[in-house]
Amino acid sequence: MKKLLPITLLTVAATTATAGAQSLNGIELGLTGGYASGLSGEFFVHAPNVAGPVGVKAGVAYTRAADAINDSSPELPGISGPNDTFGKAKAEGRASESGSHTVVSLDGTYGLGELTPGVDATLYGGGRYGMFRSVADFGSLGSTTYSSNAFGIGAGVMVSYALTGGLSLVGDLGVDHYFKSTIRTDDGNGNTDSIATNDGSYSTFDNTFVRPGTVFKARVEIGRAHV
């Protein structure tokens, strides 16, 4: 059940690349689709006028990570095996990768009002909590799951262009940054480990496990303008 919501969001975003946002008693609900280090969708709740132009926005975003394991990393880090890179193992069909990013955000917003007729903008910025996961699958040799939870910060701008019949086209451009954090590994056989940032082997795992550092994002939605 924990994965049901983010998977549903991604499916809708990937299929339509649009989102519905409707203002209900001053509260806006929305769903956006686009790119944020991979195909990404976000569900958000926005109270735009809590104190004048200042508001609050909370969201949950899900991204399918196409690049989950660094291709230049060793094929089997920490395990005796072929002296090849993960990228070569993939190319030869000995390995595959998958991954996902789930991010919870809480932002303060500031409405800039109408910039030109039909166009208005809202700035936002705040905290992020990311849950990142990657799997390196070596088939009969087993698989290794890497995971990490990290705090971050982000900021951006939403620009709304009025269309017809109360509809608007909204572009969301922003950047997020996540800080280094403990990396956990699991080989699926009950062998787990946690590698802290001050561990001497951290750089090896950090180079293998691809997850966001600084992320530029661009999403789009089509929805109801504020009423």
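Residues are numbered from 1 along each chain as its sequence is written. In this predicted model, local features need pLDDT of at least 70 and side-chain atom pairs count only at pLDDT 80 or more, while totals for chains, interfaces and linings use all residues; side-chain values use heavy atoms, with hydrogens and water left out.

The secondary structure consists of three helices and eleven strands, where helices (H or I, at least four residues) and strands (E, at least two) are DSSP runs numbered from the N terminus. Along the sequence, these elements follow the pattern α-β-β-β-β-α-β-β-β-β-β-β-α-β. Of the 227 residues in the protein, 39% are buried; buried means under 20% relative accessible area, exposed over 50%, and partly exposed in between (1.4 Å probe, protein chains only). Among contacts with a separation of 6 or more, 59% are between residues 24 or more positions apart, a contact being heavy atoms within 4.5 Å. The protein exposes about 11700 Å², and carbon and sulfur atoms supply 60% of that area. Accessible areas were computed by the Shrake-Rupley method with a 1.4 Å probe; for residues, only the protein chains shown count as cover.

Strands E9 (residues 183–186) and E10 (residues 192–195) run antiparallel and are joined by four bridges; two strands pair if DSSP finds at least two bridges between them. Five residues lie between the strands of the hairpin, and Gly188 has a positive phi near 80°.

A nonpolar surface patch is formed by Val54, Tyr110, Leu112, Leu115 and Leu123, which together have about 430 Å² of accessible area. Patches are made of residues with over 30% relative accessible area and no salt bridge, with like charges joined within 9 Å and nonpolar side chains (Val, Leu, Ile, Met, Phe, Trp, Tyr) within 5 Å. A salt bridge is a side-chain nitrogen of Lys or Arg within 4 Å of a carboxyl oxygen of Asp or Glu. Strand E5 (residues 96–116) gives the most to the patch, with three residues. Val54 lies in strand E4 (residues 54–64) and is partly exposed, because its relative accessible area is 38%.

Glu42, in strand E3 (residues 39–51), counts as buried because its relative accessibility is 3%. The side chain of Glu42 makes a polar contact with that of Arg219 (3.3 Å). A polar contact is a pair of N or O atoms within 3.5 Å; within protein, one must be able to donate a hydrogen and the other to accept it, and residues adjacent in sequence count only if both atoms are side-chain atoms. Not counting residues up to four places away in sequence, Glu42 touches residues including Lys57, Ser105, Asp172 and Arg219.
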